[in-house]
Amino acid sequence: MIKKVRLATVWFDGCAGCHMSLVDIDEAIISVAGRVDVVYGPLVDAQEFPKAVDVTLIEGAISSQEDLEKVQEIRKRTKLIVALGDCAVTGNVPSMRNQIQPRKLLERIYIEGAQTNKGIPTDGVPALLRQAVPVHQVVKVDLHVPGCPPAASAIAYVLGELVEGRIPNLTAKVKFG
Amino acid sequence: MIRIQDFSTFNAVREAGLAKLLPPKPRIGVGMGTCGAGNGAEGIYHAFNEIITNQGRDMKLASVGCFGFCAEEPLVNVRIPGRPLVILRRVQVADVQRIIDDVAQGQPTEGLALCKVESWDHLTASVQYGEGFPNIPNWFDVPFFKPQKKIVLRNCGLISPDDIEEYIAIGGYSALYKVLIDSNPEAVIEQIKAAKLRGRGGAGFLTGLKWEFLRKAVSDKKYIICNADEGDPGAYMNRNEIESDPHALLEGMIIGGYVMGASEGIIYVRAEYPLAVHRLTRAIEQARESGLLGDNILGRGFNFNIQMVEGAGAFVCGEETALIASLEGQAGRPRPRPPFPAAKGLYQHPTNINNVETWYNVAPIVAKGPAWFTETGSTKSAGTKVFSLVGKVTNTGLVEMPLGTPLKTFIYDVGEGGTNGKHIKSVQTGGPSGGCIPQDMFDTPVDYETLQQIGSIMGSGGMVVLDEDNCMVDVARYFIEFTHSESCGKCIPFRVGLDQCLRILNAFTRGRAKESDLDKLDEIGRMIRETSLCGLGQSAPNPLLTTMRHFRHEFEDHIRVNRCRAGVCEELALSPCENSCPLHMNIPRFLDLYKAGRMDDAFEAVIMDNPLPSSTGRVCQHPCEDRCRRAMIDEPLNMREVHRVIADAVYKSDRFETMVERIKTHKLPATERKVAVVGAGPTGLTAAFYLALLGHEVTVFDSNPEPGGMLRYALPEYRLPRDVVRKEIELIRRMGVEFVCNTEIGSETTLNDLDAAYNAVFMAIGTWKESWVYLPGTELSGVYPALLFLEAIAKDEPVRPGKKVIVIGGGNAAIDSARTSLRMGADVTVVYRRERKDMPAIKEETDAAEAEGAKFLFLATPHRIVGGEDGKVKGIEVVNTRLGEFDASGRRRPISTDEIRRLDCDTVILAVGEAVDLDFVRASGFTIKENGTLQVDRYTLETSRSKFYAGGDLVTGASNVSNAMFFGKRAARRIDDRLMGTNNRLIRLLPQVEYSQEAPETPTECHRHSVEELPAQERVETFAESLIGLTPEQTLEEACRCLRCDVKEHH
Amino acid sequence: MPGQISIRIDGEYVTAQVGQTILEVARANGKYIPTLCWLESITPVGACRLCIVEVSGVNRLLPACTTPVQDGMSVTTQSEKLQAYRKIALELLFSERNHICAVCVSNNHCELQGMAQKLGVNSIRYAYSFPKLSVDVSHERYVLDHNRCILCTRCVRVCAQVEGAHVWDVSSRGIHSLVVSDMAKPWGEAVNCTNCGKCVNSCPTGALAEKGFAVEEMVKRDGKVTRLAARRGGQQ
């Protein structure tokens, strides 16, 4: 029996659209599902990021202290990291806050903009990084799959190649920017 | 003012000028360039004026330009009729009366005279001043001037820039006259071409060719432009040329206008040069009034005008197309070429642009011919170039040198080397977009092609000397920041590429760069160089690319060990002393703890940074003192003595046991990993101390009966008592280190044995092998290699030098041998092939040896040792040396002469350098470098054989104690990292001691306390320690002198 | 024919007219050379450096848009080095300002984006600058969004050379360069602006756009501008 690929997906600062696109790969999901074990991600139940993961798909920009620590740990535990979608590849919409100091941003929203319960939440909320940045600015990324979101067909192709142990050639299959 | 119409009026003006230049009474000229004025020349001029007027002295006072020797400003020249012109240096207002009195007496002022000028060749004419004053050197014998050749600066500092008559007196405008009379423009262009004059603005394009383009261009209007937009930081040659000799520029341009068929000339000069603008305005007015500008010049029917435009200060306007845009009233942004200005320039008319200095070469070429011009300089680059020699060099100033002169002539002959004996490591040529050339390439001739080949440029002639105190990463960052802020923003590479480079370089200086950033910098740098629109963009990455190529290890240090060796990048250093200490001792901390009377804490802080504090307190080369900022107030702090006092207080008291127990509490749990250390010298001891504390089982092997290496067997007892070494080793032993002595690795125990029995092996063997000089007579009885001699004494072996000892060498081993021999009753002479200041030995040691009666013979090297029939030494023949060119060490190379002299002696001790005995590792899987040291990774100290690490003398060659210990500390960390698969557990060992974070409001008044030695007559009788250390009170005062550079923010 | 010369482009012999640029000859012969700041019939400025080519015998890279052809010239338009440098230039542009394509009016109709695909860019190696830049909405019909501007100066040249209004210019220098209207007045107050929209249509990105368009809706028609320019006598 062929060893299944241990696949994880993570959702950082993004809209979940890339995960939607991932589950939108239609019948391709059947062939992929037979070849992978989804060991972590918003789609499964695992609480802790497991060790010895083969492929991790990352959606979203690195935006908070928690994201940063987590992605560094993921890098240690993953063979191949795929930045999936524009937020992970370029920072995209989450990075639009980067010209504003986090403190001012939070004040604008939680104090000036709030009707009731004015106050910046601190309990159980990770601190924002000064800027939201693409994943490769923090850890090494092995493959970039741009798109907002990447087309389901592109994702299906990427997964299909990866389970075969090949590095996909994305020329003309994705659109940067 | 006379309007010159013909020869007779021309000659009348000339005579009038000569009468001013060489009056029948004393003439005093004050150097009044911006440089002189900045050093107080105006006050001096007024003082002269007042005294001459008030006292009714019959003297003429003139304001002249600058003679170029900035380091000696303000310069004043005095000339007594019939006598040489004497140049006085560093003149102060207080000297003025004395100078006037002396001049009245017919004497130049004692002590102020820099040099004299008996006659001067202005190239267009020569001036005889007179003879005399044999005690004053001729100007061309002064090292600063000796290699120079003044063509461009031919008149600077000698004539008044404000007086056209003086310019005409020294042959000015006669070249123009000749050109107008000959009325053969093509012939002039041929002359300029034959002279191979190249554009002095930097690009080096052939001027004659450029002139021909414009001459041949067909248009009803043509322009010629002088580019005087000199904007390079540290460059001021054009400013000085214009300020000192504005008419020579006008003459060059008028000639150019005539031969190229232009009727209008424009001088584009920076507005930041007010004095140059002022003098140029005046010169243009005078030239116009004298009939040298305007209609019918010199009565020859040629019409030409020059106007001056002041640039607003954008650096990029020095680029010719941007300059033209600026003249047209547009934003100064370069345009693509073609079309070249010669085809479509100012207002779309054919235009020629030359740099200020190029124009200055025109009149001499016309006057003396191209063949004369090509005699100077190199084949492809004829003539001279003016450079501003600045930075970390003794003599700074404007120097005019033949093209093709090697860099070392600039730096060591003209510049006379580094300041305060610092090591020069690089020179940056060509302004902010030039490259940095490392010291080992100082043979490079300075000409357009060669500089280009090695990644730099001639530029406008900036030459910034950098020494060991400059961080090359910061140097690159500085220049990139400059060009970044001066980029026009038009093309992507220069605008965005340089912005990325600057971001990355800033990350470097903060220790936040990544390994991949090196590749990024390299890639973007090349891209900018090859794809930018204008010359500025194409050259802007030069400082970055050259520093990355020649000083890559500095970039790597910033990434891999967060270290800036020069201590410039403040975020990477605690304080200058800590940064310079090979062991990175937290010096301010132990000083503060001592100050607070917390002696146990102080000892703990010291020993955890430096496991041999008492030994190093006596013999360290103390690089910390070279960096101590207290030296700017009075003298550097005596830091090594304070840690010696702290350590000795424990070693000599009953606190030793308590402290041993306290240090042991830092020990990490046992790891069950075994490490062998080969060599129990300072490197091995340091590694063993830390490895033991990290929980490893450590065994140290040594071939001698006792551990200690050089500390025990090479350093003489009077410098470092063996009891001190034993006590320090005792502490290390108590941390759990096992010593196996009398065991030579290679014979009793082999490397393979170690490989099998240990998890890691650290090799830390010293340089015990004397690099033998092969000269006749070394086989004689009574000839000793220094280290073997010292070792024998340290082992109490019955070795005795004779009555008359000659020691050959200038290092610490030579001085140790000399002082040891003195103590054994010998008469000692040290023979060294260079000068005293070049000796590598610690200065205090040399002084002490001399006080004890050692004699020194400098500039001599052994020729042969003479023996008697009994096979014993009878004497030595030495050859006198003279100092030749500078070598790679920045010192002059001694060259043997044929003068041989004989010295009688019965003992010769050779201390000419040491090497490691690597025989035992050959063919054991190690890579040995060409220089006979072991190849290791700079950072991990791994050798080419797995599990084996090496450090200290083995990898550096002979060094000193603290450098050796540095390797021990690094090895402990790297071996531990590898054995445990972790990163820097060593840091956990370091004690977290609270101490004051307040910097003193004002520095204490107290001067430095230096250690003293017993009186020379007393100490030379005995091997007992000669040191008299500081008392506790003195030590406290010393500790209080610290300025606390480590406290970055004042609360 | 007088003024006719022969040159080689990527090894192929082609005929050219004296005075033509390498780019013009290449385009006329179906050879693709990437460009961003170039616009047909408008004076080239050689700013984006994407059109760099190798010319044998010349040890520098030359911009095809401003280099005139010479008889016997041999031009290489594609090589590993050229590709690498063009890619770096493009990545640098993306890193310089805030190109948040997903929410841009010109998304999918943008020359910068298109160029990224042509050159095979799918991530930016360099750190993004994330500068703080303004959006000028003062004009009644158009918007200027500095976040999307690549400083190609097509707007500046079109306004001056085709419309003759000289509204646009570049202020400051270096990385702080900014396109400004009427000596840095808000566009809506620029008295010289004729509201012709030529600048908007010639802008390669979403920096200049018409109001009232949502994401992906703004399609530029630079052909209109260049045809007009050609009819008015081409480069001035």
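Guide: A nonpolar core here is a set of buried Ala, Val, Leu, Ile, Met, Phe, Trp, Tyr and Cys residues joined through C-beta atoms within 7 Å. Buried takes 20 or more other C-beta atoms within 10 Å of a residue's own, with C-beta atoms placed from the backbone. This is a predicted model, where local features need pLDDT of at least 70, side-chain atom pairs count only at pLDDT 80 or more, and totals for chains, interfaces and linings use all residues. Residues are numbered from 1 along each chain as its sequence is written, and chains are lettered from A in the order in which they are written.

Visitor: Which residues touch the most other members of the largest nonpolar core?

Guide: Ile58(A), Ile254(B) and Ile255(B), out of 307 residues. Helix H10 (residues 246–260) of chain B gives the largest share, 9 residues; helices here are DSSP runs of at least four residues, H or I, and strands (E) need at least two, numbered from the N terminus. There's also a second, separate core of 130 residues, with Leu593(B) and Ile808(B) among them.

Visitor: What makes two residues count as being in contact?

Guide: Their C-beta atoms, placed from the backbone, must lie within 7 Å. Leaving aside neighbours within four places in sequence, Ile58(A) has such contacts with residues including Val10(A), Phe12(A) and Val135(A).

Visitor: Why are H18(B) and H19(B) called roughly antiparallel?

Guide: The axes of H18 (residues 472–486) and H19 (residues 492–509) of chain B cross at roughly 150 degrees and come within 9 Å. Axes are lines fitted to C-alpha atoms over the stretch in contact, with angles from 0 to 180 degrees between N-to-C directions. Angles over 145 count as roughly antiparallel, so that's the name this pair gets. Their contact has 8 nonpolar, 4 polar and 4 charged residues (nonpolar: Ala, Val, Leu, Ile, Met, Phe, Trp, Tyr, Cys and Pro; charged: Asp, Glu, Lys and Arg; polar: the others, Gly among them).

Visitor: How do you know which pair of chains shares the most contacts?

Guide: Of the 2 pairs of chains in contact, chains B and C come out on top. There, 24 residues of chain C meet 24 residues of chain B, and H2(C) gives the most on the chain C side, with 7 residues. For chains C and A, 19 residues of chain C are in contact with 22 residues of chain A. Helix H3 (residues 111–118) gives the most to that side of chain C, 4 residues.

Visitor: What is the distance between the closest C-alpha atoms of chain A and chain B?

Guide: They lie 10 Å apart, and no contact joins these two chains.

Terms used:
Parallel < 35°, antiparallel > 145°, perpendicular 65-115°, else oblique. Buried ≥ 20, exposed ≤ 12 C-beta atoms within 10 Å, placed from the backbone.
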